[in-house]
Amino acid sequence: MGPLADLHRKRRVTEPHPQLKGIGTVSTASLEIPEIQPSPRIQSFLSGAKQLLIGGQWRNAASGETFPVFNPATGETIAKVAAGDAVDIDAAVRAARAVFDDPKHAWNRMTPSQRGRIIWKIGDLLLENLEEFAELESLDNGKPVGVAQVADVPLSADIFHYMAGWATKIEGNTIPISVPYAPRAEFHAFTLREPIGVVGQIIPWNFPLLMAAWKLGPVLATGNTVVLKPAEQTPLTALRLGELIQEAGVPDGVVNIVTGFGETAGAPLAAHEGVDKIAFTGSTEVGKMIVQAAGSNLKKVTLELGGKSPNIVFKDNENLDATIAGAASAIFFNHGQCCCAGSRLYVEQAVFDDVVSGVAEAARKIKLGPGLAKGTEMGPLVSDEQLQRVTGYLNAGQEAGANIVAGGQQRGDRGYFVSPTVIQDTREDMSIVREEIFGPVVVVDPFEDIEEIITRSNDTPYGLAAGIWTRDISKAHRVARRLRAGTVWVNCYNIFDSAMPFGGYKQSGWGREMGHEVLDLYTETKAVCIGL
Ligand code: NDP
C-alpha cells in the first residue's frame with residue numbers, strides 16, 4: 001500500500017457528508033417505482049462472474065473477495081464484482097509493464113495504422129452493441145436508458161473513432177538549430193513523440209462508459225499500456241468494454257481492468273512506482289490525494305475534477321423559452337451528476353422572475369423513475385451516499401435561510417431519488433452556492449451589472465465550465481474571455497465533442513480530455529540531435 005494509506009477519507013455508503021450530518025430533515029414525497037426486469041441478455045451478463053482483466057486473462061481478485069453492485073432505483077444487489085486490491089493492482093501494472101517494455105511485443109511492433117484500425121473497431125463494436133450497453137449503464141448508474149442510447153454510448157464510440165484517426169498523426173517536428181558555440185557545425189535536430197509508458201486511470205460513476213472511453217481512447221492511440229480502475233458504484237460497462245477490447249484485437253496486457261474500492265485499489269494504483277502516468281476523474285478532494293501519491297515516483301498527473309459552474313442569463317434574450325429550457329437542462333441533465341453542471345444560475349434582474357418560474361416549472365414537470373422505465377426523464381442518484389450528500393446540502397441551504405422554489409424533497413421509500421430542485425434567496429457564503437452538490441439542485445440569483453456578474457462567476461475555487469445566454473455577440477465574446485473556465489458555452493450547454501478539449505482551470509483540474517490536446521498528455525517529447 002502506498003503513502004495514501006493514512007490519508008484515506010473515503011466514506012462508505014450511508015454515511016452523510018460529515019459537515020452536513022444531522023441538520024434539519026428533508027421531507028420524503030411518494031414515488032411509485034415499478035418493478036422492471038432487465039432483458040435476458042443483461043441478466044445473463046450479470047449472472048456470470050465479474051472478474052478482473054489482467055494480462056488478457058479474466059480472473060478473481062487474489063483475495064477472492066467480491067463486492068455488491070446496486071441498482072440505484074431499488075437499492076437491490078444486481079451483481080457481485082471482484083474486489084481488486086493492491087496485490088491485483090501490482091499484477092496488472094506488471095502485466096502492462098511487461099508489454100510496454102518488450103520491443104518485440106505485438107503492441108509495440110504494430111504500425112500506427114494497424115493500431116488505428118483496432119481502435120476504430122472498438123468504436124464499431126460499441127455501436128453494434130449500443131442497446132446492450134445503454135441498458136447496462138442505465139441499470140447500474142440509474143440514468144434513463146434513452147439518454148444512454150443517444151448520448152453515453154454514441155459519444156463513447158465516437159471517441160474511439162476519433163482517436164483511431166490520430167494513431168497515424170502523432171508527429172514530431174524538425175528544428176532548425178543555431179548553436180552559438182558550434183557555429184560551423186551542421187546538425188539535424190528533430191523531435192519524436194513517444195508513449196509515456198504504463199498509465200493508471202481512475203474513473204468516476206457519473207458517466208461510467210464514457211469516462212472509460214475518454215481515458216482509453218488516447219492511451220491506445222498513443223501506444224501506451226494501461227490499468228483502469230472503474231468506480232465501485234458502476235463497474236459493469238467497463239467490464240463489458242474489456243470484452244469488446246479483446247474482441248477488437250487489442251493484444252493481451254495492453255488494457256488491464258481492476259475493479260475495487262478507491263482506498264484499496266485506486267490508492268495503490270496512484271502510488272505504484274511502476275506507473276508512469278496517472279489520469280484521474282473525480283472529486284477535487286481525491287484529486288489532491290492523487291497528486292500526493294504521484295510524488296512517490298513523480299509520475300505525470302492529469303486531473304479532471306469538480307466544478308460549480310456559473311450559467312449567466314442576460315435580459316437581451318430573443319427566445320426566453322429556449323433559454324429557460326437550456327438553463328434547466330444545464331443543471332438537470334444526468335440528474336445534476338455532471339462535473340460541469342450549470343449549478344449557479346445568474347439571471348439579469350429584468351428577466352429574473354420569468355426565468356426562475358420557467359426553470360421551476362420545468363423542474364416540476366420532470367418525470368422521475370427507474371432508468372429502465374418507459375417515460376423516465378430523470379432516474380435516481382447513483383448511491384445512498386450521494387442521496388445523503390444531496391439532501392444534506394438541501395437541509396444546510398434551508399437552515400441558512402435559502403428558499404426552495406421547486407423540489408427539495410427525497411422521493412419514494414426505496415432507491416435514491418431526489419426531486420429536481422430550484423433554490424433562491426441565497427448568499428455567496430452558503431455551502432449550496434460555494435460547494436459542488438453533484439445532484440439536481442440549482443441556486444438562482446439575480447444580477448444587474450456585467451462587471452458584477454463576471455466577478456461573482458469567477459469567485460469560486462473551480463473553473464470547469466460556464467454558460468452565457470445572450471443575443472449580443474460582442475457581449476458574448478467579451479464575457480467568454482473574462483470567465484476563468486475550461487469550457488464556455490454560449491446559447492447552449494453540455495455540448496461535447498471528441499474534437500473539443502475539455503478540462504478545468506484552477507481546482508477543476510490539470511490538463512485536458514479529448515481533442516488533440518489530450519495526446520500531448522499521453523506522450524513524451526524526445527529531442528534527437530544528429531551532428532552531420
Ligand atoms: P471520488 O473522487 O471519491 O471517486 C472517483 C474515483 O476515485 C472512483 O473510482 C473512486 O473509487 C476513486 N477513489 C476514491 N478514493 C480514492 C483514493 N484515495 N485514491 C485513489 N482513488 C480513489 O468521488 P465520489 O464517488 O466519492 O463522489 C464524491 C463527490 O465527488 C461527488 O459528489 C462530486 O462532487 C465529485 N465527483 C466529481 C466527478 C467529476 O466528474 N469531476 C465525478 C464523481 C464525483 P471508488 O468509487 O471505487 O471508491
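Lys526, in strand 23, is the bridge partner of Leu192. The model is predicted: local features need pLDDT of at least 70, side-chain atom pairs count only at pLDDT 80 or more, and totals for chains, interfaces and linings use all residues. Residues are numbered from 1 along each chain as its sequence is written, and side-chain values use heavy atoms, with hydrogens and water left out. Helices (H or I, at least four residues) and strands (E, at least two) are DSSP runs, numbered from the N terminus.

**Strands 6, 7 and 23**

- Strand 7 (residues 187–195) and strand 23 (residues 523–531) pair in the antiparallel sense over nine bridges; two strands pair if DSSP finds at least two bridges between them.
- Strand 7 also pairs with strand 6 (residues 174–175), in the antiparallel sense over two bridges.
- Thr174 has Phe190, in strand 7, as its bridge partner.

- Seven strands form an open sheet with mixed pairing, in the order 15-18-19-14-13-20-21.
- Strand 15 (403–406) and strand 21 (487–490) stand at the edges and have a single partner strand each, so one side of each is left without a neighbour in the sheet.
- From one strand to the next, the twist averages 25°.
- Strand 20 (residues 465–469) pairs with strand 21 in the parallel sense over four bridges, and Val490 in strand 21 is the bridge partner of Ile468.

**Helices across the sheet**

- Helix 11 (residues 320–332) lies across strands 13, 14, 18, 19 and 20, running at about 170° to strand 20.
- Axes are lines fitted to C-alpha atoms, for helices over the stretch in contact (heavy atoms within 4.5 Å), and angles run from 0 to 180 degrees between N-to-C directions.
- Helix 15 (residues 450–458) lies across strand 13, strand 14 and strand 19, at about 150° to strand 19.

**The ligand**

- Oxygen atoms of the ligand lie 2.8 Å from a polar side-chain atom of Lys229 and 3.0 Å from a polar side-chain atom of Gln386.
- A backbone N or O atom of Ala267 lies 3.5 Å from a nitrogen atom of the ligand.
- Taken alone the ligand exposes 860 Å², of which the protein buries 99%; accessible areas come from the Shrake-Rupley method with a 1.4 Å probe.

Conventions
A polar contact is a pair of N or O atoms within 3.5 Å; within protein, one must be able to donate a hydrogen and the other to accept it, and residues adjacent in sequence count only if both atoms are side-chain atoms.
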